Amino acid sequence: MRTFRGGLSIGLAVAVLVAAAAITYERYDTRTLKRTIRRGEVLCGVNKGLPGFSSEDKGTWSGFDVDFCRAVAAAIFDDPGKAKFVPLDASERFKELQSRKVDILSRNTTWSMSREENYDLYFPAVAYYDGQGFMLPRARNLESALDLNNSKVCVQSATTTELNLADYFRANNMKYEEKKFLKLDDVIKAYESGQCDTLTADVSQLYALRLNFAKPGDHVILPDVISKEPLAPVVRQRDDDWMMIVKWTLYAMINAEELGVTSQNIDEALKSKKPDVMRLVGTEGSYGEDLGLTKDWAARIIRHVGNYGEVYERNVGAESKLKIPRGLNQLWNAGGIQYAPPVR
Ligand SMILES: N[C@@H](CCC(=O)N[C@@H](CS)C(=O)NCC(=O)O)C(=O)O
């Protein structure tokens with residue numbers, strides 16, 4: 001009897017321990033950097049195909065979101081090639097990050113309160129200030145979104161886009177018929193085959209999607225922006241060091257632009273005697289070391305990937321096919337709202 005009871009309590013204790021370990025593993029992930037270093041690569045969840053932001057051509061990925069993940073890899077490994085890209089649908093992105101299939105989401109994802117609350121995730125900083133807009137055939141000759149009453153509207157579900165659309169039409173006392181699809185391909189097909197009068201998405205995405213149409217010039221993007229879409233990288237909660245590495249990677253890129261440090265002049269910047277530049281490139285102080293990085297972490301990012309402006313211009317700005325004006329994504333001292341806390 002005694003041995004039976006003893007066995008039972010040992011069994012119970014083991015079960016409690018296993019359950020506690022499972023809950024801890026599930027809720028407290030503090031090892032992303034360690035796992036990344038052991039693996040030798042950063043796993044980046046990206047959009048499957050959004051020209052300018054993330055797209056693949058013969059095995060090579062490119063785009064703004066792709067470059068951001070390369071910057072994280074450069075900070076850690078001094079090698080942007082150590083970023084590995086995992087394409088994720090809008091509907092599966094948060095689940096895949098939670099289940100640790102990726103280390104970071106770098107994928108046109110809007111930062112909102114409910115997403116941080118409901119998914120146990122954290123949005124470290126805004127990489128791209130966006131807003132929702134409407135695209136329609138030029139032949140429709142409309143000038144304002146307020147002319148869209150009684151339209152059939154194509155939209156992708158599992159996005160913030162759906163609710164903004166409803167809010168906008170309700171607030172303006174207008175009616176619409178929603179054509180909603182889970183897959184982006186189906187949204188595009190429906191729009192191209194004339195099932196909808198207009199397609200709604202983040203403005204940056206409308207620019208990107210339009211490029212893939214047979215005749216991009218036949219479609220216009222209305223000037224109205226109906227929402228705030230602060231697009232940000234996403235990480236799991238409760239892994240503060242990892243969150244800070246991601247956050248300061250972006251801030252290093254923004255500060256570099258502000259200080260005029262580029263991938264072209266980084267060698268001169270390493271000889272600079274300007275205090276702000278010295279702290280950024282690691283010739284003064286040892287910023288980054290407490291996060292598990294080396295003190296030249298920012299210099300690595302700038303050398304391999306470039307500053308924020310360089311990354312913006314080559315992927316989505318004037319030097320790219322998209323040609324999206326910098327707008328809100330201009331630096332704070334040049335008319336925009338991109339503003340990074342200092343490295344000091
Ligand atoms: N920023 C919005 C929209 C992001 C989004 O996923 N947009 C769609 C429409 S362009 C998309 O990227 N779809 C691609 C896919 O699901 O593979 C959000 O975070 O919900």
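Biologist: Before that, what kind of model is it?

Modeller: It's a predicted model, where local features need pLDDT of at least 70, side-chain atom pairs count only at pLDDT 80 or more, and totals for chains, interfaces and linings use all residues. Residues are numbered from 1 along each chain as its sequence is written, and side-chain values use heavy atoms, with hydrogens and water left out.

Biologist: OK. How many helices and strands in the protein chain?

Modeller: The protein chain has 13 helices and 14 strands. Those are DSSP runs numbered from the N terminus: H or I with at least four residues for helices, E with at least two for strands.

Biologist: And what box do the C-alpha atoms fill?

Modeller: Roughly 80 × 70 × 40 Å, taken along the principal axes.

Biologist: What percentage of the residues count as buried?

Modeller: 51% of the 344 residues. Buried means under 20% relative accessible area, exposed is over 50%, and partly exposed is in between, with a 1.4 Å probe and protein chains only.

Biologist: What about contacts between residues at least 6 apart in sequence?

Modeller: Of those, 72% join residues at least 24 apart. A contact here is heavy atoms within 4.5 Å.

Biologist: Let's go inside. Which residues touch the most other members of the largest nonpolar core?

Modeller: V42, F64, I104, L199 and W242, out of 75 residues in that core. Helix α3 (residues 64-77) gives the most to this core, 11 residues. By nonpolar core I mean a set of buried Ala, Val, Leu, Ile, Met, Phe, Trp, Tyr and Cys residues joined through side-chain atoms within 4.5 Å.

Biologist: What does W242 touch?

Modeller: Skipping residues up to four places away in sequence, W242 touches T32, L33, T36, V42, V72, I76, D103, I104 and V235. There's also a second, separate core of 13 residues, which includes L136, V220, L222 and I226.

Biologist: Back to α3. Where does R70 reach with its side chain?

Modeller: R70 sits in helix α3, and a polar atom of its side chain lies 2.8 Å from the backbone oxygen of W61. Leaving aside neighbours within four places in sequence, R70 is in contact with W61, P80, A83, F85 and V305.

Biologist: Now S106. Is it buried or exposed?

Modeller: S106 counts as buried because its relative accessibility is 3%. This serine is in the loop between β5 (104-105) and α5 (113-119).

Biologist: What does the side chain of S106 reach?

Modeller: The backbone oxygen of D65, at 2.7 Å. Apart from neighbours within four places in sequence, S106 is in contact with G45, V46, D65, F68 and C69.

Biologist: Changing topic: how many residues of helix α8 are buried?

Modeller: Eight of the nine residues in α8 (residues 203-211). Among them are S204, Q205 and R210. The buried residues of α8 pack against β7 (128-130), β8 (132-137), α7 (184-192), β11 (198-202), β12 (219-221) and β13 (229-231).

Biologist: And what's the phi of N150?

Modeller: Positive, about 65°, although N150 is not a glycine. N150 is in the loop between β8 and β9 (151-156), and it counts as exposed because its relative accessibility is 57%.

Biologist: What about the phi of A158?

Modeller: A158 has a positive phi of about 65° and is not a glycine. A158 lies in the loop between β9 and α6, and at 34% relative accessibility it counts as partly exposed.

Biologist: Last one: what does A256 touch?

Modeller: Not counting residues up to four places away in sequence, A256 touches V261, L280, I302 and N307. A256 is in helix α9 (residues 240-259) and counts as buried, at 0% relative accessibility.

Terms used: A polar contact is a pair of N or O atoms within 3.5 Å; within protein, one must be able to donate a hydrogen and the other to accept it, and residues adjacent in sequence count only if both atoms are side-chain atoms.
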